[in-house]
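Dear colleague,

I am handing over a structure that I would like you to look at before our next meeting. Please open it first, and then read the notes that follow.

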Amino acid sequence: MARNVSTRRKLVVTVVAWTIGILIFFPILWTFLTSFKTEAQAIASPPSLLFFDWTTENYHEVQSRSDYFKHFMNSVVVSFGSTLLGLVIAIPSAWAMAFAPTKRTKDVLMWMLSTKMMPPVGVLVPMYLMFRNTGLLDTRTGLVIVLTLINLPIIIWMLYTYFAEIPGEILEAARMDGASLSKEIIYVLTPMAIPGIASTLLLNIILAWNEAFWTLNLSAAKAAPLTAFIASYSSPEGLFYAKLSAASTMAIAPILILGWFSQKQLVRGLTFGAVK
């Protein structure tokens, strides 16, 4: 009897999981299919899911109108650059909070987390003025800096959680063997936390890649990433659903491919230390 209940439960959980997965994935599938329709087919009612005249015209027009590869390279530089810079800052910070805590450590962690609760529009004007006055407006360097600052609390929090699961005795043994602080972090702590660091890196690349508010407001033509590339097809002059879908598909495809190939590492890192 218990075995039948267990089987029924597995079946229910499987059905629910597939249903949720399909609901989450359906908007992406719909965008992909719409990108191969004409503008008339994209707004047709009732809509057609598969049976329509497939065309690649939208992709050709998007590429001829906008330099996709320029925006793509901007996204790569900004997302990977901000994540790597964040890791360089966050690894020593998380080490200090995990292995040399003070009575203010928890307060600092909560303060960093609270900065993520502040609406970005509240500091847009001073940030814009600072970027304009320092020559960082519409530059990759400026976007790398601002995205590093935005995602740094998340990076530190995640690394702190992973580092806290590492036994302190291992680091003490390294110190007894004569390891300096830098060697302790680079050769002992970092290799042990590779799953956590990898998942942190992947998650923050995705967050930086999808960041729209700051990239749209602090970039124009030179440093505009793929978020600005998509926004350029949202026009009040008319409905361009097919072209917008093509631009969106081209923008999200690289990060979807990255997530697909790194999903095992991402899941492993996110569950690192959860089960002892």
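Which helix gives the largest share of the lining of the second largest pocket? That share, four residues, comes from H1, where helices (H or I, at least four residues) are DSSP runs numbered from the N terminus. Please keep in mind that this is a predicted model, in which local features need pLDDT of at least 70, side-chain atom pairs count only at pLDDT 80 or more, and totals for chains, interfaces and linings use all residues. Residues are numbered from 1 along each chain as its sequence is written, and side-chain values use heavy atoms, with hydrogens and water left out.

The pockets
A pocket here is an open set of points on a 1 Å grid over the protein atoms alone, with protein on both sides within 12 Å along at least five of seven lines, and a lining residue has an atom within 4 Å of a point. The second largest pocket has a volume of about 260 Å³, and it is lined by Gly21, Ile24, Phe25, Ile28, Leu256, Trp260 and Gln263.

The largest pocket holds about 410 Å³ of space. Of the 15 residues that line it, Thr115, Met118, Leu149, Ile150 and Trp214 are the closest to its centre. H7 gives the most to this lining, with five residues.

The cavity
A cavity is a set of grid points where a 1.4 Å probe fits but cannot get out. The search of the whole structure finds one cavity of 30 Å³ or more, and about 40 Å³ of space lies in the largest cavity. Its lining takes two or more residues from each of helix H4 (68-99) and helix H10 (194-210), with H4 giving the largest share, three residues.

Helix H6
In helix H6 (residues 124-134), Leu124, Met127 and Phe131 are buried, meaning under 20% relative accessible area with a 1.4 Å probe and protein chains only, whereas exposed means over 50%. These three cover an arc of only 70° around the axis, taken from the directions from the helix axis to the C-beta atoms, which puts them on the same side of H6. The face turned away from that buried side carries the exposed residues Val125 and Asn133. After H6 comes Gly135, whose phi is positive, near 75°.

With best wishes

Notes
Points joined across faces, edges and corners; volume = space filled by probe spheres on them.
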